[in-house]
Amino acid sequence: MLQDFLNQILPSTVGGLVIGSIYALVALGYTMVYGVLRLINFAHSEIFMIGTFASLVLLTAIAPAAPATFGIAMIGTLLLCMVVSAIASGGAAVLLETVAYRPLRKRGATKLAALISAIGASIFLQELFALEIIPWLTDKPGRNQASAPRFVPRDELFHIGNAAVRLDHVIVIIAAVLVMIALDQTVSKTRIGRGIRATAQDPEAAVLMGVSIDNIVRVTFLLGGAMAGVAGALYLMEIENTVFNVGFVLGIKAFTAAVLGGIGNLRGALLGGIVLGLIENWGAIFLGSQWKDVIAFTVLVIVLMFRPTGILGESLQRARA
Amino acid sequence: MSGARLGRVLVLAAAASLVLGACAGGGGGSSSGGDATTVKIGFMGDLTGENSAIVIPPRNGAKMAIAEYNAKNPKTKIELVEYDSQGKPDQATSLITKAVGTDKIVGLIGPAFSGESKAIGAQLEENKIPSISPSATNPGLAKNGWKYWHRVVANDNDQGPGIAEFLIKAKSPKKAFVLSDDQEYSVGLAEAVAKTFKDKGVAVETDKFAKDASDYSSTVSKVKSANPDVIVYGGYYAQLGRLLKQLRDGGVTAIVASGDGSLDAQLISGAGQAAAEGAVLACPCNIPSADVTGNLKTFFDNYKKSANADPAIYSTEGYDAATAFIKAVEGGNTTGEKIMDFLKTVNFEGVSKPIKFKDNGEPEANSIFIYQVKGGVLKLLGPSAEAKLEG
Amino acid sequence: MKGDEVTSEETTPRRNPFSAIGHGIDVMRDWWEHAKVWQRYLVYIGAVVFALILPAPAIGSFMSPGADWTSVLVYPIGTYILLAVGLNVVVGQAGLLDLGFVAFFAIGGYNVAYFGTQYHWNYWATVVMGIAMAAVSGVILGAPTLRLRGDYLAIVTLGFGEIVRITANNADVIGGARGITNVPHPPPIFGTKFLLDPAPYYYLMIVAIALVIIFSVRLQKSRVGRAWAAIREDEDAAELMGVPTFKFKLLAFAIGAMIGGLAGGVYAGKAVFIEPNTFPFILSATILAAVVLGGSGNLPGVILGAFLIGWLPERFRDFAEYRILIFGGVLVLMMALRPEGLLPSRRRKAELREGTGGMGAMGAEVAGPTTEASAEVNQ
């Protein structure tokens, strides 16, 4: 057992960091929307799914037929994927907000009603993709897994103990961290970011100060969606497969990560994602990979028992009852 | 839309003719106008859900057999009624009640999967409806004492040892790693494989992951740390595709084998050609490819014409299951009980294998065929006893 | 700029097609408030008679052309109703968001299956055991988590539902992924044998639903129900007024769990075979949707919601693949048009308008002259 542990701890850590980075990026969308609207945006997992398919379509279209090698073309493709997915997901998120949430907000509906609308939208988007959009995009039955060509080589860059760190690992982690720093700066430094924080803290006061709530909500969905899009691009680069319900499990994990880190807290989402990815993989060494999800949720319950607002606490806004 | 309406008209017509036939007072009436009577055979399985790739080929096979039969203008025509259970036991339960109560089917091809078979087996038994599954491979199904239940495919207790023994013969491994996801079929097959390995003195390590997981990094590091000679995965192609890719990327080079659930071209597209190359797949099914001869060739050509696709997994089994019912009906057996009696003694050379049932409903023939991914396509190496790995 | 897109074809843009229905419901509700005892009993008897003749084939051929109607009435419709009434105690009455309700359904089902097949207990004993175990697990789940506020509770309960399912999937003692086959049927009652014909199960289901409804109504009108309403409307105020909020929340969880367990027991008695995949997360979401769609907190509404959500996909089997898509779309549309549900109770409606009931209003919304929340008050 100890030998197993020593053999597996380092490779598992690398794997945990990679998947944790993706959780963190998706978690940002949950956290931002929750911070501003106090709404669990259940359909965010489908926004992520749309991001994976945007990259898939792009990759299939430009078809890097040559064996994947490191170079300008690879970096260009990667950036293009991230941008295209971010646009697709961000756009879808704004559309989602307009269709599924805005009418409810205007009627002063409860969060519960909004949650049901979110679940409905999630089901709707999944089925829409499975029945119409995926067959149209890929010419294959919509519930089948779709595969992307490889464009990032799996070159081993260096070893940490017995763990090989590959180029794709480094790309996922670095890209996730850079994108998150950019978002953090946007929210803390820019005018629109101030608007988001003001709305999260006290919407009524924000309105009085001349903030347009509708715009802020739209921007929040756009930014959160774009993060999910980047996550989708990185996910597709790493896993190279996607399917209409790819977002479901990942979405639940990412939401767990957001709560774990402290929902509404951007840095909490990063921390929560990484912690969740690591703990899952470490736990799997002892218990087997089938218990990953149970480990994740158990850790969540334990953390919440001792820190009821997550590891870093809520901070995009102060907690409102 | 018009297709659906036409279907409904046909159903109505069939129902009407049944009623007329019944009114006319049995056998005497039907001979008068040359009007053929119709019996209904059901087909149940996942036709639109996530594993429909395994169920549509046998459905096409069955459809084709029945179309061929009806084209001969027999005295009693057969109508195939499809029930899309999506592989869900709940759906299967309410559909079968309808099939038995309203549609009055006299036989059922399916259910395609084991879970739904478990859920409705007792109901078929009580209503005396014989069933022949083309693809349910759970070993436990034959142990329920169901008289009316049959299948034309070897079960996982043949398949699991088949894979393990083949690998032992081909690679004489010291250590095997057996993987599965958490679905019933996967777990059962993986356990059967692991048991055979252990019985033959091969050390076994295992891991299992959730069916919807997509990041297998912890599994890969387990496998890598164990450094096995062979890896067997029990489960379906979607998961194996991702797994293979991640294993190979993670630097695991040992041979990977799996069972019938992974025998699909999508395995190669999912894993990528490089990662899939050399993967070994066992299946109690015999899938004809373009280069077959004789009966299989005829089947291949006809199937391609009628289904507009190459024969795939269990298409021959679907055809054979339907043929068994056709032979029963041809022999003048048009009630569940009579068909059942006929099936007890049925014995013919099917497309997939000789069709003959044991008392518990299992097929007499239980050979396992070995396939290997070669140059990006699935290639049949032969029955497990004779097959030789290439490279 | 206020959701008018949805209703722009109406002559009066403020009204949506549901407001007329809402008015009709109010009239009926007023009549009911002032109805005499005998009138009320007439309605009760009418409801029972209606339930008894519902499985008639003449009704079934319209209601469910694609599958056996009586089977559909047992599952999904009856089971959904039972579950929705149970979840309504938690969500509608106590105002706690539970996204893992299916866990209790699973626990009830597994108890019946496990003790029935392994120890050959009497069916009714296993049902009672299932209810008890569900209550215990409700308390085990609730004790550490009920101090959490709304949305944290949602994710924790969601996690609990998944933990139960995954554990069942990987625990070989209870069959693992194989599930449990040959679950015993209930023993005969009054000479009615429970075999494969769905009709006896339907009547059993009716009895269970009736008992649970009576129980739920009695609770609602008792001190407990008033405490729940207080917690739902303002937890802090309730605590200050001396309501032991934690205890009452735990009680709501336990009672909801018991009803879920009962539903699981009845279901397993008919199903013959249960497996972990019978209890996916989406079922929790579906039941929650039924409660909210019908009108959280109002029993007739909840029952109607569960009926519709169980029935519509069966009725529209013709649309085969598209029915789930339509289901999702209908949820979005219904929430946009009538977020308070089809048949909300008047009190809940008022609460929701103030944004106090249940989980409160969404953030980032400032009530103003253009907010439609006040539009319906004036009617």
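Me: In chain C, what share of contacts between residues at least 6 apart in sequence join residues at least 24 apart?
Reply: That share is 76%. Two residues are in contact if their C-beta atoms, placed from the backbone, lie within 7 Å. This is a predicted model, where local features need pLDDT of at least 70, side-chain atom pairs count only at pLDDT 80 or more, and totals for chains, interfaces and linings use all residues. Residues are numbered from 1 along each chain as its sequence is written, and chains are lettered from A and ligands numbered from 1 in the order in which they are written.

Me: How many helices and strands in chain C?
Reply: Chain C has 16 helices and zero strands. Helices (H or I, at least four residues) and strands (E, at least two) are DSSP runs, numbered from the N terminus.

Me: Which residues of chain C touch chain A, by number and class?
Reply: On the chain C side there are 54 residues, in contact with 47 of chain A. Helix α8(C) gives the most, twelve residues. By class, the chain C side has 33 nonpolar, 13 polar and eight charged residues. Ala, Val, Leu, Ile, Met, Phe, Trp, Tyr, Cys and Pro count as nonpolar, Asp, Glu, Lys and Arg as charged, and the others, Gly among them, as polar.
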